[in-house]
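Welcome! Here is a short briefing to read alongside the sequence and the 3D view.

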Amino acid sequence: MTASPTSKRWHFSPLELSQQFKRLLGALTLLAPSGLWLILFLVLPTLLILDISLVPGLRPGESGDGYGLGNYSRVFNPFDAAFDSVYLQVIGRSLYYATGTTLACLLMGFPVAYWLALMAPRRWRNFLVVAFILPLWTSSLLRAYAWISILRPSGLLNSFIGWLSSGLPGVQLPEQAWLYSSAAVLIGLTYNFLPYMVLILYASLEKLDISLLEAAADLGATPRQTFWQVTVPQTLPGIAAGCLLVFITSMGDFVVPTLLGGASSMTISRLIYNQFLGITRNWGLGSALSMVMILAVSMMIALLLKYGDRDSVKEA
Amino acid sequence: MMLSKYLSGILLVEMSLGNSAAIRGTTLIMSQTVSPSIALPQTQQVLDVELRQVSKYFGGEAAIQNIDLKIREGEFFSILGPSGCGKTTTLRLIAGFEQPSAGMVLIQGRDMSRIPAHRRSVNTVFQSYALFNHMTVKDNISFGLRVKRMGRSQREQRVADALQLVKMESFANRYPQQLSGGQKQRVALARALVNRPAVMLLDEPLGALDLKLRKQMQVELTNLHQQLGITFVMVTHDQEEALSLSNRIAVMKDGDIEQIGTPSEIYDYPQTPFVADFIGETNLLQGEVEFADSQILRLLTPEGTTVLVNRSEANLPDLKTAVVSVRPENIRLSQEAPLNEGNCYSGYVKHIMYLGTHLHCVVQLQTGERLTVMQPNRSEQSLTPETPVYVSWLPSDCLALAA
C-alpha cells in the first residue's frame with residue numbers, strides 16, 4: 001500500500017465498478033424485505049418505547065411532564081422518593097421463574113431428547129418427535145385452562161392426593177391450594193416450553209457422531225464418563241441454544257403467570273401489561289420496564305452467544 | 001510369482017511319482033510353510049482373538065454367518081472383502097460395539113459375551129478417525145488413560161511417548177480440525193496405542209488418504225507393528241494393502257469366510273473363483289470336464305475352447321464342471337505360433353493399455369472368449385489393436401477351482 005502513491009482500493013476500472021455496483025444492488029435486494037420489516041416493526045417501535053420511557057408519569061391522553069429518568073429511578077434508585085422495591089422484586093421473581101423453568105426443562109428434556117435421538121427405534125423416531133410436540137398445536141390459553149382444572153382446589157391433583165390418602169390409612173397427605181402459587185406458574189411454564197427444549201436438544205443430539213461414543217467406550221470410558229466427557233461437550237451449543245430460547249420466552253410469557261399465578265406471583269410481563277392496559281395505566285413506567293426487560297434479554301443473548309462460541313474462539 | 005513357479009516346479013516333479021492324494025497333502029503343508037511372509041513360527045499358537053461359530057443378524061438379515069476365526073498373538077491379520085461382506089461387522093463384534101446373535105467371541109482366551117466394549121483390552125482406529133474435536137491432540141490421546149484414572153506424571157510420559165511414536169510431538173496442543181487427514185490418522189493411531197492394548201483393531205485405517213500418503217502410512221503401520229509386537233487386526237477392501245501388510249488374510253464374501261491364508265497362499269492358491277478374482281486380476285474360464293486323470297484335467301468351455309489344467313491343486317467335489325483361473329501375468333503373448341505350451345490359442349489384440357513397465361492387453365480369442373494379458377513392455381514388440389497374436393500358458397500356470 002505504501003509503495004503506490006494512490007491507494008489501490010480506489011482504482012476500479014469501469015467494468016469493476018459496475019460489478020461492484022451490481023453486487024451491492026444484489027445484496028440490497030436480498031436484504032431489503034426483511035430489513036424493512038425489522039426497521040418498521042422492531043427498531044422503530046423500540047425507539048418509540050425508549051422515547052416514552054423517558055417521560056415520567058405519562059398516561060394515555062396526557063402530554064407528560066417533559067423528559068427525565070424518573071421512571072427508571074422509581075424502579076432502581078432507593079433514594080428516590082417515588083422508589084418502590086416491589087418493581088425489583090417483580091424483576092427478581094421473573095428471573096427466578098425463567099431460571100427455574102429453564103433448569104426443569106433441561107433436566108426433563110435432555111433424557112427425552114437423548115432417548116429419541118439415540119435409542120428410540122429409528123422408524124418410530126419421527127412419529128415420537130411429532131407426538132412430543134403435539135401440545136404445541138393447541139393454543140397456550142387452552143393449555144393454561146387445562147392446568148387450572150388440574151390444579152384448582154377441587155381439581156384432579158387434589159382428588160388424586162385425596163384418593164392416595166384414603167388408600168393409605170395413617171398417612172395424611174396435605175391437599176394444597178396449588179393454583180395461584182409460584183409452583184403453578186413453574187409447572188405451567190415448564191409444561192409450555194419443554195417441547196421447545198426437547199426439539200432443540202433432539203436436533204443437536206441427532207447430529208452427534210455415534211462413532212465418538214463408540215470411540216470413548218473403546219478407550220475404556222464407562223457410559224457415565226462418556227456422557228459427561230463426550231456427549232455433553234459435543235452438544236453444548238444445542239444445550240445453550242435450548243436454554244437461551246426457554247429462558248427468554250418463559251421470561252416474557254404472559255398467559256401462564258396471568259392465569260395460573262396469583263397476586264403473589266406478579267411477573268414483569270404482567271406488570272408491563274398492567275401499566276399499558278390494566279388499571280394502573282402508566283405508559284412511561286411500562287415503557288421503562290419494557291426497556292429493562294429488552295436490555296436484560298439482550299444481555300442474556302450476548303452472554304450465552306459468547307459462552308456458546310467459546311470453543312470456536314479457542315480454535316481460532 | 002517366483003514362489004508360484006517354484007512350487008509348481010516341485011509339484012511337477014512330484015506328480016511324476018503319481019498318487020494325487022499324496023501330492024495334495026504335500027501341497028497343503030508346503031503352502032503353509034514355504035510362504036515368505038510368515039514371520040512367526042508355526043509353533044506359536046497363542047490366540048489373541050478367536051471367533052467360534054459367530055453369526056450376526058440385523059433385522060433378520062445375516063451380516064455374517066457361522067464364522068470361525070483364529071488370530072494369533074502378534075500377527076498382522078487382515079480381513080479383506082468387498083463392501084457389504086461383513087468385514088466391518090466382524091471387527092465391531094471383536095471391539096464389542098455389537099453383540100453376536102450366535103456363537104462366541106474370545107479375546108486372549110476369555111469369553112467376551114458379557115464384557116462391554118469399555119472393559120475389553122482392544123483399541124480401535126476408526127475409519128472416520130472419530131477424534132474428539134472439543135479436545136486437543138494431547139487430550140485426545142490421554143483420554144483413555146484419564147478415564148482409567150492413571151496418575152498425571154505417568155500419563156504424561158505415556159502420551160509423550162505415543163506422540164513421538166507417530167511423530168506428532170509438535171502438534172500436541174492443536175485441535176483435530178486444524179490437522180490434515182494424515183495427521184488425524186496418526187493421532188487416531190496414537191490414541192489407541194497409548195493404552196497398550198492386546199489387540200489393535202483398524203477399520204479401513206487408510207481409506208480416506210490419498211495414494212502417496214497411503215503408501216507412506218502403510219510403511220509406518222508395518223514399522224509400528226514390528227516395533228510394538230501387538231496383534232493388529234485390519235479391515236480393508238484394498239487387496240494390495242492387505243497383501244503387502246499382513247501376515248495372514250481372511251477373504252470374506254457375503255458374510256462368509258472364503259479363505260484364510262498367508263498373502264502368497266491367497267494369491268497363488270485361491271480356493272474359490274471369488275478369491276482368485278478378488279485378489280489381483282485373473283481370467284476365469286468355466287467349462288465342463290471333458291477328461292480327467294490323476295494329473296490333468298481337460299475342460300471344454302461353452303465357446304468351444306479346450307483348456308488343460310494340472311489337477312494337483314484342484315479341490316473339486318465332482319468332476320463335471322470346473323473354473324480355470326489363469327493370472328494375466330502367467331499368459332504369454334507372441335506374434336509367432338509358440339512351441340506347444342499346453343494351452344495355446346490364436347486371436348487378436350482388442351484393447352491395449354500402456355502401463356510403463358507392462359502392457360495390459362485384452363485379447364479376443366477366435367473362439368469368442370476374451371483374456372486379459374499382462375505383458376512385460378519390450379520395445380521390439382509392436383502391438384497395436386487388431387494385431388493377430390497367440391496366447392499360451394502351461395497347465396501348471398493355471399488353477400482349477402470348483403465352479
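Domain bounds here come from an automatic or database domain assignment. For chain A, that assignment gives domain 1 (38-68) and domain 2 (90-137 + 178-282). The model is predicted: local features need pLDDT of at least 70, side-chain atom pairs count only at pLDDT 80 or more, and totals for chains, interfaces and linings use all residues. Residues are numbered from 1 along each chain as its sequence is written, while chains are lettered from A and ligands numbered from 1 in the order in which they are written.

**Domains of chain A**
- The centres of domain 1 and domain 2 of chain A, taken over C-alpha atoms, are 34 Å apart.

**Two packed helices in chain A**
- Helix α5 (residues 140-151) of chain A packs with helix α7 (residues 182-206) of chain A at about 140°, and their axes are 11 Å apart.
- Angles under 35 degrees count as roughly parallel, over 145 as roughly antiparallel, 65 to 115 as roughly perpendicular and the rest as oblique, so α5(A) and α7(A) are oblique to each other.
- In this packing, A:S140, A:R143, A:A144, A:W147 and A:L151 of α5(A) meet A:A184, A:I187, A:G188, A:Y191 and A:N192 of α7(A).

**Where chain B touches chain A**
- Contact (C-beta atoms, placed from the backbone, within 7 Å) joins 19 residues of chain B to 17 residues of chain A.
- On the side of chain B that touches chain A, β6 (122-125) and α4 (137-147) of chain B each supply at least two residues.
- α4(B) gives the most to that side, with 3 residues.

Terms used:
Two residues are in contact if their C-beta atoms, placed from the backbone, lie within 7 Å. Helices (H or I, at least four residues) and strands (E, at least two) are DSSP runs, numbered from the N terminus. Axes are lines fitted to C-alpha atoms, for helices over the stretch in contact, and angles run from 0 to 180 degrees between N-to-C directions.
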